[in-house]
Amino acid sequence: MIIKIENLVKRYGSLVALDHLNLEVKEGEIFGLLGPNGSGKTTAINCMLALLKYDRGSIRIFGEEMAPDNYRVKSQIGVVMQDVAVFEELNVQDNIDYFCGLYVKDKNKRKELVEEAVRFVGLEEYRKIYPKKLSGGLLRRLNIACGIAHKPRLIFMDEPTVAVDPQSRNKILEGICELNRQGSTIVYTSHYMEEVEQICSRIAIMDHGRCIALGTSEELKNMIKTGETVTIEAVILEEEDLARIRELPHVFDVSYKDGTLTVRCTGARHNLLRILEYLQSRKIPFGRVFSELPTLNDVFLEITGKQLRD
Amino acid sequence: MLQQLKYAFVVKIRNFSIVFWPLLFPLALTTLMYFSVGQMDESDFDTIDTAVVYEEVQDRGNAENAVTAQKSGNDRFLQYLTAVEEDSDLIRVRQMEDEEAVKALEEKEVRGIYYIKGEDLSLTVSENSLSSSILESLLTGYEEGRQTLENVMKYHPEGLDEAVKMLGEYGTAVEYVSLGGNTTDTTAQFFYAMIGMACLYGCFIGFGCALWLQCNLTALAARRCVAPVHRLRVILTEFAAGFGIHFVNVMILLAYMKYILRLEFAGSYLSMVPVAFIGGMFGVAMGIFVGSIGKMGEGIKIGILIGVSMLLSFLAGLMNPQIKVWVDQSIPVLNRINPAAVISDALYCINVFDSPERLGQDMIILTAMCILMVAGAFLIVRRERYDSI
Ligand SMILES: Nc1ncnc2c1ncn2[C@@H]1O[C@H](COP(=O)(O)OP(=O)(O)OP(=O)(O)O)[C@@H](O)[C@H]1O
Ligand SMILES: [Mg+2]
């Protein structure tokens, strides 16, 4: 177990940011922390990094108690913060070199690592540029490079892809998988469920400082009733119709709002067909129709009763 | 370590506001002061009128000896004074009778009276000022020289001629010859306090360093806090870089005083460098310390620094030298622990008093406070976790 968090409680005044959080991260995995804004992801990471005081609980990393002066543990950790943290006064290459230098003393080795990191985030053309002149996305990439240049054993990434365009985002996500293949364990937080689903081997869903569900994305989806969500747009329905649809087999939740019908069904086949058959039999016209397999959003929705993203 | 130091330097130098305000502000203030105070006093410094009074030697029974003594001792002193008079415009000597001299002193026609009574020499002055210090040091200079002379006569009579010649150049008094037009006592005090303030202004550089040490203040610091670098090392690196830059700042100020404003102090500029060195070091250390204490925000701490450095400089006589005199008299200990006052005191020692012991004491006080500040900062940020980031 590379990280073991037990009963972690963190309060900001009267606000409980972490509420008896329990987590375990295994060596070699990409562990996703998924949760809406303010669910306590960043707070959890800052506690693990020994930056924040916490009220109760324990955090062990590599089997050791984490403390601000536990340099042995710290030397094997890399961090990509949610806020960009680079020196305005240093150019891209020097920034990476500086942060790498905090971990790696040997000059030649560092040079190699910096070079690798520059290529990793695709900033080859921007080596001598100062952060002020980088666009938001490029800045994010620099931020990532600064955190991972020294090839740490454990990497914390706190929403590293905010404001990065989809193409670079994919590149970064691939890079993260590559880092993982090279042996780094990664703790990745995000509120983009697609991202988390794409790369994480295990996911913890957080809400109000608690871990409300944990498992692989398959496991999480199997946890819930929803097997399929059918959405039909531009359809005019009476109360009676809704009641009839609700009675169809496998349907467990029907909502109707602004002419859009959303039907959630348990994982059986032909759900869509049955609903459409009903509409046709009643000669009710309808617009676009689509059917989705469950997403992590459904998991979140079913557990908390609210959308992961609004 | 070297790499860290290099980047610490680069980052600070590129950070205009942090480095250059502590440079520009004292420069600007010095210039303003130069035009308001410096020039006003320009004509104030005059040759010091001095009276010399021969007193009767009372011991009649030993009259013959006394006369000899008068010849050897007193005439030599008068010769010495005359030599100084001819050599420079420092003093103007007049021989007077006792009452006449006292009256002249009261009416400020002369600034001091040398009494010559056989072998005994004494000095009476009416006020404590630069002129009296000069007269005093002429006397001590002579007396130290006389000792040498007598030793030479006793042990190496053959070198006597050489020794007498040396006597004319002996002592600290000669250094005052270099005292130029526009730094009289009070004005010089202003500039000493100014240099003191410039040193303290290093606290803003130090404060910048502290910002990069504390993870609740900047994201950058947070990233450094998670790195496996010993806190003391981080602090010392920042301190070294901050001090390196600040020392250059203070040197620029001194150079500006010397080459542009052409202010002349009694002592050489070179001898003021060590004071600037330690003073500047203290300034940076103070900034790091204040930056590290407590969990208040950046704005509040900057406010504290501005307030503290202003107050300390004020007490050290920056706005009005009388304040320093007043503090010295009523709460002397305050100015022994007020770094601004200690710095300006050290400069005063170099230029006016020529008192190596007191200078040494000043330097020790500054160094000790400096170490205390850095150690304090280290203890504070060593294991620090924050309540909120
Ligand atoms: N310094 C602070 N002082 C007081 N409350 C805070 C502080 N930092 C965070 N909080 C509160 O703690 C809770 C958890 O915040 P946290 O930053 O950990 O959320 P997050 O999951 O990282 O959110 P996001 O997705 O927006 O980054 C929030 O309710 C937030 O308002
Ligand atoms: Mg966050």
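This is a predicted model: local features need pLDDT of at least 70, side-chain atom pairs count only at pLDDT 80 or more; totals for chains, interfaces and linings use all residues.
In A:Lys41, a side-chain N or O atom is 2.8 Å from an oxygen atom of ligand 1, and for A:Glu159 the distance from a polar side-chain atom to a ligand oxygen is 2.9 Å. On its own, ligand 1 would expose 630 Å², of which the protein buries 69%.

Ligand 1 is surrounded by 16 residues, with A:Gly38, A:Lys41, A:Thr42, A:Thr43 and A:Gln82 the closest. The site is shared between chains, because residues from both A and B surround the ligand. Within chain A, strand E2 (15–25) and helix H1 (41–48) each provide at least two residues of this shell; H1(A) makes the largest contribution, three residues. By class, the shell comprises nine polar, five nonpolar and two charged residues.

The two chains also meet each other directly. Their contact draws on 39 residues from chain A and 30 residues from chain B, and together they bury about 3,200 Å², with 59% of this area on carbon and sulfur atoms. On the chain B side, helix H1 (2–14), helix H9 (219–225) and helix H10 (231–260) each supply at least two of the residues that touch chain A. That side is made up of 15 nonpolar, ten charged and five polar residues.

How values were computed
Residues are numbered from 1 along each chain as its sequence is written. Chains are lettered from A and ligands numbered from 1 in the order in which they are written. Side-chain values use heavy atoms; hydrogens and water are left out. Contact means heavy atoms within 4.5 Å. Buried area is the accessible area (1.4 Å probe) that two parts lose on being put together, summed over both. Helices (H or I, at least four residues) and strands (E, at least two) are DSSP runs, numbered from the N terminus. Ala, Val, Leu, Ile, Met, Phe, Trp, Tyr, Cys and Pro count as nonpolar, Asp, Glu, Lys and Arg as charged, and the others, Gly among them, as polar. A residue is near a molecule or strand if one of its heavy atoms lies within 4 Å of it. A polar contact is a pair of N or O atoms within 3.5 Å; within protein, one must be able to donate a hydrogen and the other to accept it, and residues adjacent in sequence count only if both atoms are side-chain atoms. Accessible areas come from the Shrake-Rupley method with a 1.4 Å probe; for residues, only the protein chains shown count as cover.
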